[in-house]
Amino acid sequence: MSISIKTPEDIEKMRVAGRLASEVLDYIEPFVKPGVTTDELDRLCHDLMVDVQGCIPAPLNYAPSGYNPYPKSICASVNQQVCHGVPGERVLKNGDIVNLDITTIKDGFHGDTSRMFIVGAGSIQARRLCEITFECLWLGISVVRPGAFLGDIGAVIQKHAEKNGYSVVREFCGHGIGRKFHEEPQVLHYGKAGTGPRLEPGMTFTIEPMINAGKAAIREMPDGWTIVTKDRSLSAQWEHTVLVTESGYEVMTLSAGCRAKPEWIG
Ligand code: MF3
Ligand code: CO
Ligand code: CO
């Protein structure tokens, strides 16, 4: 097995899938308010993807080996939930932080992106965790170019997270993406610069650091999907799908409502 190189036609389809995934997050933002349930957010996103965008929500019934089929169309991970939070009757309240992770399939190709939302005000600590994690994502993106090493991405993310007193989740990583939701390579969010395969134009993968305010250890909930921090500390995550271009990178999951790169990052 190896890392697939996308054709110009593939890339054009991935741009569409990626933009649509990001537009789902634009659409849902005003609904992320105190009193809403994660099930309602799931239903709203599902209906937009299926009825308006003509997409398939990739998570619905997704069943990697060893997992039961995922029962919902989005992931909604609240507070100490790290990732793969299964939407349900939980009511969001003032001060919660929630990651909404959207993966669309359009014309056979996937687009995968997630953002943090702060419900109401949010504590200073929660806001700081979300900010530093956003910076980690963009520091990782900023080192993507042909000839760079895959390990350069994880190294810069780990350094920034730990410098700020946080830890990087080890068990889940970014991934190649295209016709398949998860393909090679695994994009670790920690590690050493100058290690791993070299990046080449036409590779597409996600960067999606999961950063914990406390220790890195995680555990799985009895639903078989939801991942939480073992020490119950807050966790944040942001995700983009990126393409390696001839000169650097292209973020494939942009839309009118998505946050811009921090201007201090080169
Ligand atoms: N979107 C997640 C990722 O970034 C994967 C979710 S798998 C699901 O890789 F089944 F939980 F939806
Ligand atoms: Co992903
Ligand atoms: Co995702």
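How are the donor residues of the cobalt ion (ligand 3) spaced in sequence? They follow the pattern D-x10-D-x126-E, where donors are N, O and S atoms within 2.8 Å of the metal (3.2 Å for Na, K and Ca), and water is not among the atoms, so sites may look incomplete. Asp112 lies in strand β5 (residues 109-118) and Glu239 in the loop between β13 (235-237) and β14 (240-244), so that this pair, 127 residues apart, links distant parts of the chain; strands are DSSP runs of E with at least two residues, numbered from the N terminus.

This is a predicted model, in which local features need pLDDT of at least 70 and side-chain atom pairs count only at pLDDT 80 or more, whereas totals for chains, interfaces and linings use all residues. Residues are numbered from 1 along each chain as its sequence is written, and ligands are numbered from 1 in the order in which they are written, while side-chain values use heavy atoms, leaving out hydrogens and water.

The cobalt ion (ligand 3) is coordinated at 2.0 to 2.3 Å by OD atoms of Asp101 and Asp112 and by OE of Glu239. Asp112 also bridges to the cobalt ion (ligand 2), the two ions lying 3.3 Å apart. Both Asp112 and Glu239 are buried, meaning under 20% relative accessible area (1.4 Å probe, protein chains only).

| Residue | Distance to ligand 1 oxygen |
|---|---|
| Asp112 | 3.1 Å |
| His175 | 3.0 Å |
| Glu239 | 2.9 Å |

Taken alone, ligand 1 exposes 330 Å², of which the protein buries 97%, with areas from the Shrake-Rupley method and a 1.4 Å probe.

Key. Helices (H or I, at least four residues) and strands (E, at least two) are DSSP runs, numbered from the N terminus. Buried means under 20% relative accessible area, exposed over 50%, partly exposed in between (1.4 Å probe, protein chains only). A polar contact is a pair of N or O atoms within 3.5 Å; within protein, one must be able to donate a hydrogen and the other to accept it, and residues adjacent in sequence count only if both atoms are side-chain atoms.
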